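Here is a short note to read alongside the model. Keep the structure open as you go through the points.

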Amino acid sequence: MSNATPDPKSPKTLAALEAELADIIRERLLDLPAAFDPGTNLYEAGLDSMGIMQLLLAIEDRFGILLPEADVSRKNFCNVTNLSALLRERLQNGCHD
Amino acid sequence: MIDENRCDVVIAGGGSAGIAAAVAAARAGARTVLLERHGALGGMATASLVHSICGLYLLREEPDAVLAHRGFPAEFAARLMAHETARGGACGPARMGRVDVLLQQPAAFAREADLVTAAEPNLEVRFHTELIGVEADGSTVSSVELICRGRRERLLAGAFVDTTGDATLAWMAGAQCEQAEVLQRPAYIFSMGGADTTALGGDGRLRVAQRLVAAVREGGLPPGVLGAQLRPTGRPGEVFVTLDLDDSAGEPFDPTSPRALAAMERYGRELADTLSRFLAANVSGFGGAFIAALPARVGIRESRRVVGEARLEAEDILRGATFPDAVALSTWPIEMRERATGPRLRFPEGNRPCEVPLGALRARGFANLFTAGRCLSSSHEAQAALRVIGTCLATGESAGLAAAFVSAGTEPAASMICAKREAIIRQ
């Protein structure tokens with residue numbers, strides 16, 4: 001799985017992170033609608049707290065960080081845009097929980 | 001020594017589909033016997049504590065829930081809501097993501113099922129009863145043999161409806177059945193009491209999800225709890241917990257194997273115990289919480305399916321298929337639960353309902369054997385939409401009416417079933 005990402009800590013553009021997260025969600029979690037874009041509401045696509053657990057695990061597998069409790073909110077996980085912004089912040093500056 | 005009795009219609013299995021089938025057949029004038037292996041009706045909704053009724057409402061973007069079905073599903077939903085209102089509680093539709101469900105209490109479901117069946121003079125209910133034999137000649141079923149604590153009974157009837165969920169009657173009758181290699185995962189649902197449910201408000205449930213992930217990563221919890229869903233009921237201190245059981249039970253999952261079922265039931269209880277102890281020790285709001293109720297049995301999403309005169313496919317669900325012999329509607333997305341990692345949902349184009357043809361409720365080659373509920377004739381993927389309780393109520397009602405016609409010597413057409421349903425509504 002990690003061979004797709006040479007260095008998970010390397011700075012990424014937001015667009016690259018969004019694409020990577022969308023792939024993770026599509027592969028491991030949800031049949032995303034054809035009209036999916038980073039702003040699509042993930043809860044309406046079927047994401048629930050069970051899915052969020054899987055997403056947290058997948059993010060840890062791919063990027064090497066478990067998002068802390070304080071970061072896990074409906075707002076941060078409601079779409080790929082918000083989640084990518086949060087993840088980029090954590091990848092660059094670490095987690096201060 | 002075998003007791004022998006005769007009736008017009010036998011309904012095997014007293015879950016949602018069976019209740020609807022039995023009440024409908026009785027109201028259509030058939031002397032009906034409803035068989036149930038537990039001491040309460042309701043199936044998944046009572047024995048397995050499934051507390052959200054899916055498939056009752058139309059799929060729509062707009063916020064308000066609109067009932068998809070006329071007849072018995074609407075009547076029973078109204079009963080459940082009135083039951084809670086009369087006791088100072090609340091029961092009503094709730095939006096989850098982009099679907100509407102009816103949040104219900106298993107105790108209310110069991111009680112209302114008693115009341116609605118007891119009100120029918122043509123309907124007799126047999127509890128604690130298992131099927132042990134079916135007499136059939138390849139195209140007609142003539143009787144079933146039952147057992148209650150060693151006491152046997154032969155029941156002869158003119159028509160039969162298999163609402164067992166496992167196609168038990170059809171299988172024993174020699175009707176064609178099928179079962180997927182990889183089934184939808186079973187759900188293990190239990191309730192907890194003594195929780196401060198305000199801790200689950202706002203982002204509370206998601207934070208608990210994060211705590212569980214962290215504990216699994218640190219080795220403090222087994223990976224099996226990763227599916228846990230916590231849902232406060234609105235009653236003081238009460239939370240339902242749903243786990244989708246993974247493959248860790250040590251026996252390949254097969255809902256018709258008693259060994260596999262033993263492994264699943266034990267595994268469910270083990271996870272419930274482990275998870276509730278973790279919550280009590282580590283999660284705010286759960287300090288005084290305890291397991292209040294375990295299910296009578298693990299919640300089966302998919303088992304054997306009957307092969308009918310027609311078979312619903314995923315494509316039918318996704319395009320909102322219509323049929324000349326439609327007798328019911330399906331309004332739930334395809335909800336795949338093959339992995340214990342949460343659902344994969346596929347919605348029909350334009351949120352269109354899919355019609356259920358009478359042929360999907362009739363065992364192939366059999367004149368007097370019908371089916372409804374989660375074992376109706378469908379592919380594995382279509383079943384992932386059709387299995388839900390709202391659709392079980394709707395298909396059950398139609399299968400019961402069809403069986404009543406057959407037992408009276410009339411070959412049922414879909415139009416006759418729909419007309420009969422309307423006539424019953426008018427009464």
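1. Glu178(B), Glu302(B), Arg305(B), Arg311(B) and Glu313(B) are joined in a network of salt bridges. A salt bridge here is a side-chain nitrogen of Lys or Arg within 4 Å of a carboxyl oxygen of Asp or Glu. Over all chains, the count comes to 37.

2. This is a predicted model: local features need pLDDT of at least 70, side-chain atom pairs count only at pLDDT 80 or more, and totals for chains, interfaces and linings use all residues. Residues are numbered from 1 along each chain as its sequence is written, chains are lettered from A and ligands numbered from 1 in the order written, and side-chain values use heavy atoms, leaving out hydrogens and water.

3. Look at Arg337(B) next. It forms a salt bridge with Asp244(B), with the closest N and O atoms 3.0 Å apart. Arg337(B) lies in the loop between strand 19 (334-336) and strand 20 (344-346) of chain B and Asp244(B) in strand 15, so the pair ties together parts 93 residues apart in sequence. Strands are DSSP runs of E, at least two residues, and helices are runs of H or I, at least four, numbered from the N terminus.

4. Arg337(B) is buried, at 10% relative accessible area. Asp244(B) is buried too, at 1%. Buried means under 20%, exposed over 50%, partly exposed in between (1.4 Å probe, protein chains only).

5. Glu84(B) and Arg235(B) also meet in a salt bridge (3.2 Å, N to O). Glu84(B) sits in helix 2 (residues 72-86) of chain B and Arg235(B) in the loop between strand 14 and strand 15, 151 residues apart. Glu84(B) is buried at 6%; Arg235(B) is partly exposed at 35%.
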